Amino acid sequence: MDTTSIYHVDALDRIVEVNDAWLLFARQNAWQVERSDLIGQPLWRFLTDPTTINIYQLVMERARQHDAPIQMPFRCDSPTLKRFMTLKIRHQGEGLLIFEGQLERLEHRDPLSLPEGDPLLASAFVTMCGWCKKIRTNPRQWQELEEAIATLNLFEAPHTFLITHGMCEGCFARINRKLNPKKNSKDPLQ
Ligand SMILES: [Zn+2]
C-alpha cells in the first residue's frame, strides 16, 4: 500500500478528498477520525495554532499563484517517535490543492531527554517582510517562504514561533526608489 498521506483542498479551503494512508496515519496518532468527519470541512477547523495557520495560508496562496509545487519539511511526532516528513503542495487548477505527506525518516525519542516548555525556545520570533512575504533567515539574508521553512526548521522545531513584520532590503530599495527617484540609498529601515 502507498504510504503517502494525501488530502485535497478546494478553492474555498474545504477538504474534498482524503486517502486511506492519511486516515491510517491519523489513527496511528490516536485520532479516531472517519472520512465523513473530514469531507466538506474547512481545513482551518483542524489547525489550532494561529502562526501555523498564517504560514499555511501564505504557502497555499503561493501554490495557487505559481505552477511549481511547494515542498517543505515538517515534523509529526508521537510520544515515542520523531517523524521527519516532507509536505508537497501542488495546484491542480481552479484553486484545488493536493497535499502529499511523505515520511522521510523515523527516530525513537526518549521523552526524558526533551525538556518541555523551554522559555527561550517558546518565544522564538521569525521576521517576515510585510511586502514580499520573504522571511529573514540571518541578519543579511531573506528567503522565500518555503526555503525559509527549511532553513529555520520552522515545522521541525520542538516549539512554536511568532511572526513579526519587517521589510527586506529588496523591498526597501524598490519602495525607496519610488519615493525618492533621485536618491539611491541602500540602507534598510532597520
Ligand atoms: Zn520584501
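Modeller: Start with Arg90 and Glu100. They form a salt bridge, with the closest N and O atoms 2.8 Å apart. Arg90 lies in strand S4, residues 81–91, and Glu100 in strand S5, residues 97–108, so the pair ties together parts that are 10 residues apart in sequence. Keep in mind that this is a predicted model.

Now the two partners in turn. Arg90 is partly exposed, at 28% relative accessibility. Glu100 counts as buried because its relative accessible area is 19%, and the cut-off for buried is under 20%. The side chains of Glu100 and Arg90 are also joined by a polar contact of 2.8 Å.

What else does Glu100 touch, leaving out residues up to four places away in sequence? The list holds Thr4, Ser5, Ile6, Thr86, Leu87, Lys88 and Arg90. Of these, Thr86, Leu87, Lys88 and Arg90 fall within the residue range of strand S4.

Next, the wider set. The structure holds nine salt bridges. One of them joins the side chains of Arg14 and Asp10, at 2.9 Å from N to O. Arg14 is partly exposed, with a relative accessible area of 35%. Asp10 is buried, at 13% relative accessibility.

Glu34 and Arg27 give another case. Their side chains meet in a salt bridge at 3.5 Å, N to O. Glu34 is partly exposed, at 44% relative accessibility. Arg27 is partly exposed too, at 32%.

Salt bridges link Arg62, Glu144 and Glu146.

Last, confidence. The mean pLDDT of the protein chain is 81, and 84% of its residues reach 70 or more. Over residues 112–123, however, the pLDDT is below 50. Beyond near neighbours in sequence, that stretch has six contacts in the model. Where pLDDT is low, predicted coordinates should not be read in detail. Treat those six contacts of residues 112–123 accordingly.

To return to your pair: Arg90 and Glu100 form a salt bridge at 2.8 Å, with Arg90 partly exposed and Glu100 buried.

Definitions and conventions:
Residues numbered from 1 in each chain as written. Predicted model: local features only at pLDDT ≥ 70, side-chain atom pairs only at ≥ 80, totals over all residues. Heavy atoms only, no water. pLDDT = per-residue confidence, 0-100. Contact = heavy atoms within 4.5 Å. Salt bridge = Lys/Arg side-chain N within 4 Å of Asp/Glu carboxyl O. Buried < 20%, exposed > 50% of the residue type's maximum accessible area, 1.4 Å probe, protein only. Helix = DSSP H or I, 4+ residues; strand = E, 2+ residues; numbered from the N terminus. Polar contact = N/O pair within 3.5 Å; in protein donor to acceptor, adjacent residues only side chain to side chain.
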